[in-house]
Amino acid sequence: MTKRSLIVGPFNRVEGDLEIRLEIADGHVAAAYANAPLFRGFEMMMLGKDPMDALTITPRICGICSISQSAAAARALGQIAGQGQTSQGALASAILHGVENMCDHLTHFNLFFCADFARPAYHGRSWHDRAQARFTAMEGSAIRACVEARAEILHIVGLLGGKWPHTLAIQPGGVTRAPSARDRIRMASTLSAFRRYLETTLFGAPVEAFAELSSAQALRDWSRGDAGLFMEIAADLDLSAMGPGPGRYLSFGAYPLADSRAFAPGIWQGGASAPVNSAAIREDLSHAWMHGAAAHPAQGATHPDEDMKAPAYSWCKAPRLNGQSYETGALARQIIDGHPAALDLAQQGASVFARVAGRLLEVARTQILLESWVAALKPEERFIQEIQLPKTGSGEGLVEAARGALGHWISLREGKISAYQIIAPTTWNFSPRDESGCPGPVEAALVGAPVGAGEDTPLTVQHIVRSFDPCMVCTVH
Amino acid sequence: MNILWLQSAGCGGCTMSLLCTQTPNLFDLLGDAGLEFLWHPSLSEQTGAEVRQLLAGIEQGEIALDILCVEGSILTGPRGSGKFQILSGTGRAMLDWVQSLAPLAKHVVAVGSCAAFGGVTSAGGNPAGAIGLQYDGAHPGGALEAAFRSASGLPVINVAGCPTHPDWVTETLLLLAAEELALSALDALARPLFYAENLVHHACPKNEFYEYKASAEQHGQLGCMMEHLGCVGTQAVGDCNIRGWNGGSSCTRAGYACINCTAPEFEEPQHPFSQTPKFAGIPIGLPSDMPKAWFMALASLSKAATPKRLSENAVADRIEITPSIRNPKS
């Protein structure tokens, strides 16, 4: 048996800092360790601050999930106040958040993920010339089309939220700007233009045709647009057999509107779904450079171990639900919402292919949702209400970022923040091992990945890691 | 010119903002000006060993570096080691990398307020010891000494903002490529004057409310946000309301306060961000270059003269009273 170790880093085209350590035996990954090598300490910064300052500071945890952080903070504060957003305020928040998630998915697909298929290592594959033309980093025609479409749809965030990232528009009681009838038709026009981009470039067909695909095979058979090119590449490289998941999926449910969430909350395992019990979450610190014991985030604290002592190997804590690791993200969201093609993917088991396909399904569905939300705006109604925060209290804000389940847990004492804990999607997906030695989802997904004898930065490892669309700045925060 | 872009301890939002560059898109704009990325952590193909080789090549002088862009603050903790951020795959702190690479670059650009001054990463007791490239908050001297000058003779150029406007970054890079950014084009904090010579207040749509001190009392209302909602647009540098963000908007256009994110130490305003600190009912933070007595006198006069249109619209969430129309001439 031949053994060697590899450290993969700097790991780029992920958001933030990531280092992967691999133990390789006989040409396959035998064990993987995900290290988030950046610690900033946002949870510590929040202590003693005015509660509403969370809305300014926590979005700045992450420049790609900024609105998600803002929505989670606003929701936690609203829960403490016992008051939430007006129904129109919730709709405007969903539009802001939906546009961010849409942009994140597109940035991931084109700039972060597919760029690897243009690599010289794939020279000679039947699709390589087309992949190079479309996806070559910073040059490919799909990359350019993506950044232009993305910049255009972000005009909606400009109009409603002032700027992206780091808007302060989302408040516990609603949004700071009431859109007019003129604003509504401008947003509808921007969405029409964006639909044209999706239909001519990404899907090569009406978004409904893609959103309504009802099986994994129908996804695989999709041949149009860049989505079709991905399906062709995925079949040739057998991406369905690459990067399995734990088979346990978590979603807090996306876009809380007046009556319900647009994508349902829940957990899913082995064909059965169940409600999320957030009280059963624990953050395990056994392999994180953190002092303290495992705790629910409402009781948790952040005390970094400045000596960075082993066996810990990451600043990331290890969240577990009912003692188990969970995969979260667009695929999980679509499975838990009951999309038939996503459920079919889940039955076959998570993979690089399933994660990317799930994201594409969500792009199509999000376009349709955004159009319906803009059409439902009623400019004459109230978009914000004042809320009164008590001096003491605690609350949780559970939302879905592009990458999955995001939670903020806030406690107030004497009118100031006395505790603040955050669990981000990639904290779940890229968690280190827990006390029982169970690896986090990406660590488990990497086991068995083939590594060529001459490879120092294995391509399969890159595909698997990027299929999760990790956001490392959120992960540790 | 080539660009090496490093993401140190920040949120990555300045790159995300940069991708919002329009007419033309980022890649065409930079390419047309002869600018190319040696490596960018979000945009380049190369990963892992390829990047380590590139960094070694620069460090050993085999590759000449034209522009070093650093996005994010530089962490000094724990205990001065910088180990709160190891550049992955290298075992070396980002602090060490930046100190090694900056002297090799013709120009050094701090992208965003974190890289310039420490920014939000240094908020709340600064748990990770975040500083800027050449400033620690408002104090000269950061990861690089106050006397540091890059090979071009310029200090670190501070494209401050949280996030930065995409044009502030691209136009700085384009001016460098054209060799048209002299020391005289920077303000006292080394921020490019092309955006730092304006105040956020300039072209703010709430200016008429400001003139009459017709103030919003709560979020969602149209009035000026200086008196109650923490807005410091009259003191903050930036052409946000002239240039516009994401299709022509801005913070104040969206109904929330300017928090002076282009300034050092904006992250700790010493009051809640969205509340104006007052003494005896009068806002403490008056416009920085206006005599206070004059301001008070003018404010009380203008308050007394406020038209009903402004006093009512100021506390409404949409225009309730439209401008009156002159009677036709007979």
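Start with the contact between the two chains: 73 residues of chain A and 64 residues of chain B take part. Two residues count as in contact if their C-beta atoms, placed from the backbone, lie within 7 Å. On chain B, the elements giving two or more residues to the side that touches chain A are helix H1 (13-18), helix H2 (26-32), helix H3 (49-59) and strand E5 (86-87). Helices (H or I, at least four residues) and strands (E, at least two) are DSSP runs, numbered from the N terminus. Which of them gives the most? H1(B), with five residues. By class, that side of chain B has 30 nonpolar, 27 polar and seven charged residues. Nonpolar here covers Ala, Val, Leu, Ile, Met, Phe, Trp, Tyr, Cys and Pro; charged covers Asp, Glu, Lys and Arg; the others, Gly among them, are polar.

A word on what you are looking at. This is a predicted model, where local features need pLDDT of at least 70, side-chain atom pairs count only at pLDDT 80 or more, and totals for chains, interfaces and linings use all residues. Residues are numbered from 1 along each chain as its sequence is written, while chains are lettered from A and ligands numbered from 1 in the order in which they are written. The pLDDT is the predictor's confidence in each residue, from 0 to 100. Chain B averages 96, and 100% of its residues score at least 70. The ipTM is 0.98 and the pTM is 0.98.

Now the sheet in chain A. Three strands form an open, antiparallel sheet in the order E1-E2-E3. Strands pair if DSSP finds at least two bridges between them. Strand E1 (3-8) and strand E3 (28-35) of chain A are at the edges, each with a single partner strand, so one side of each has no neighbour in the sheet. From one strand to the next, the twist averages 15°. E1(A) and strand E2 (residues 19-25) of chain A share six bridges. For one example, A:Leu6 has A:Leu22 in E2(A) as its bridge partner.

On to helices. In chain A, helix H6 (residues 141-153) packs on helix H8 (residues 181-202) at about 160°, with the axes 9 Å apart. Axes are lines fitted to C-alpha atoms, for helices over the stretch in contact, and angles run from 0 to 180 degrees between N-to-C directions. That makes H6(A) roughly antiparallel to H8(A), a label for angles over 145 degrees. The residues of this contact are seven nonpolar, two polar and one charged.

H8(A) has another partner. The axes of H8(A) and helix H14 (residues 352-376) of chain A come within 10 Å and cross at roughly 160°. So H8(A) is roughly antiparallel to H14(A) as well. Residues of H8(A) in this contact include A:Leu191 and A:Phe194. The contact has nine nonpolar, one polar and three charged residues.

Most residues other than glycine have a negative phi, and most peptide bonds are trans. Where are the exceptions? The bond from A:Trp164 to A:Pro165 is cis, with omega near -5°. A:Pro165 sits in the loop between helix H7 (155-161) and strand E4 (170-171) of chain A. In chain B, the bond from B:Thr23 to B:Pro24 is cis, with omega near -10°. B:Pro24 lies in the loop between H1 and H2 of chain B. Finally, A:Met308 is not a glycine, yet has a positive phi of about 50°.

Key:
Angles under 35 degrees count as roughly parallel, over 145 as roughly antiparallel, 65 to 115 as roughly perpendicular and the rest as oblique.
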